Amino acid sequence: MHPPPRRAIRRHKALLAVALTALQWFCNPAAAIELSSLEWPPYSGAELPGQGALPQLLRQALGSQSEALLIRFQPWNRAVKSASDDPFVVGYFPEYKAADLPCLYSDSIGTSRLGLAHRSDMTLKWEQLEELARYRIGVVSGYRNSPEFDALVAAGKLKVEAAVSDELNLLKLLYGRLDLVVIDEQVMQYWLQQEPSLRNHATRLTFAPQLLGELSLHVCFAPGDTGEQARQLLNRGLHQIAP
């Protein structure tokens, strides 16, 4: 007998977490605010302690207002879509602020140091983002990056390759299939420490000191009275627990 693969165990645990969330909802549907999120450790994740740093913050803030929180963990594009399509889900997180998104933004729930990962044996110097055009750049499908970076991609001035996860992009970078990866610094450090195939070669990858941006993180509540009421409730809680 062989033990089940690690990824199969992860899938099983994630499905169990979703099932428990659904059970809690059906037992007491009016008991909690429900948000969708993604597996983005260490910020959020069904299997992380407390489901990650951001869920812990949100639960503390809402708890100060005598309100519970349920989180539905999904692939990112589905998490975003469920906030507008699912009547039980009033918003999703984490999201960067952007003028073109139909969001009722919460106050800040954190900051993302967004930058570029590259191989340690490579020298990376740039002043203008356009200078990155000669590189193969990995991004995650559906993720927003810095406004300036995304505008250059939309204009065709930067070419990117989209993958399904930060973890996969780092592996592609390690094995030479990409030159650069757009990634949050803490997310990169998490995968370098936790994923064996990356941990064993962690010194071969580095995070460039020049950032794409330090971007605030928010809950994106769905437009409408329900979303606005939840936003105000969360914001009151965030102010109450602020040091």
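Start by selecting Pro 42, which sits in the loop between strand E1 (32–37) and helix H2 (53–63) of this predicted model. Gln 51 is not a glycine, yet it has a positive phi of about 65 degrees, and at 16% relative accessibility it counts as buried. Most residues other than glycine have a negative phi, and most peptide bonds are trans.

Next, select Ser 66, in the loop between H2 and strand E2 (68–73). Ser 66 also has a positive phi without being a glycine, here about 60 degrees, but this residue is exposed, with a relative accessible area of 70%.

From there go to Pro 94, which lies in strand E3 and is joined to Phe 93 by a cis peptide bond whose omega is about -10 degrees. The structure holds 1 cavity of 30 Å³ or more, and about 170 Å³ of space lies in the largest cavity. If you colour the lining by residue class, it divides into 10 nonpolar, 1 polar and 4 charged residues. Strand E3 (91–96) and strand E8 each supply at least two residues of that lining.

Strand E8 is therefore the next selection, residues 180–184, and because 5 of its 5 residues are buried, the strand is largely enclosed by the rest of the structure. Which residues point which way from E8? Leu 180, Val 182 and Asp 184 point one way, while Val 181 and Ile 183 point the other way, and all of them are buried. Now display the strands that pair with E8. Strand E5 (residues 110–119) runs antiparallel to E8 and is joined to it by 4 bridges, with Ala 117 having Val 181 as its bridge partner in E8. Strand E6 (residues 137–140) runs parallel to E8 and is joined to it by 2 bridges, and here Ile 137 stands opposite Leu 180.

Leu 180 leads on to Leu 124, which, leaving aside its neighbours within four places in sequence, is in contact with Leu 116, His 118, Leu 132, Tyr 135, Leu 180 and Ala 208. Widen the view to the largest nonpolar core, which has 68 residues, and in which Leu 35, Leu 116, Leu 124 and Leu 132 are those with the most contacts inside it. Strand E10 (residues 213–221) gives the most to this core, with 5 residues.

For a helical stop, select Leu 198 in helix H7 (residues 196–199), which at 1% relative accessibility counts as buried. Leaving aside neighbours within four places in sequence, its contacts are Glu 167, Leu 170, Leu 171, Leu 174, Trp 191, Leu 192 and Leu 205. The C-alpha atoms of Leu 198 and Leu 170 are separated by 7.8 Å, although these residues are 28 apart along the chain.

Finally, zoom out to the whole protein, whose secondary structure comes to 8 helices and 10 strands. Of its 243 residues, 47% count as buried, and among contacts between residues at least 6 apart in sequence, 72% join residues at least 24 apart.

Note on methods
Residues are numbered from 1 along each chain as its sequence is written. This is a predicted model: local features need pLDDT of at least 70, side-chain atom pairs count only at pLDDT 80 or more; totals for chains, interfaces and linings use all residues. Side-chain values use heavy atoms; hydrogens and water are left out. Buried means under 20% relative accessible area, exposed over 50%, partly exposed in between (1.4 Å probe, protein chains only). Two strands pair if DSSP finds at least two bridges between them. A nonpolar core is a set of buried Ala, Val, Leu, Ile, Met, Phe, Trp, Tyr and Cys residues joined through side-chain atoms within 4.5 Å. Contact means heavy atoms within 4.5 Å. On a 1 Å grid over the protein atoms alone, a cavity is a set of points where a 1.4 Å probe fits but cannot get out, and a pocket is an open set with protein on both sides within 12 Å along at least five of seven lines; lining residues have an atom within 4 Å of a point. Grid points are joined across faces, edges and corners, and a volume is the space filled by probe spheres set on the points. Ala, Val, Leu, Ile, Met, Phe, Trp, Tyr, Cys and Pro count as nonpolar, Asp, Glu, Lys and Arg as charged, and the others, Gly among them, as polar.
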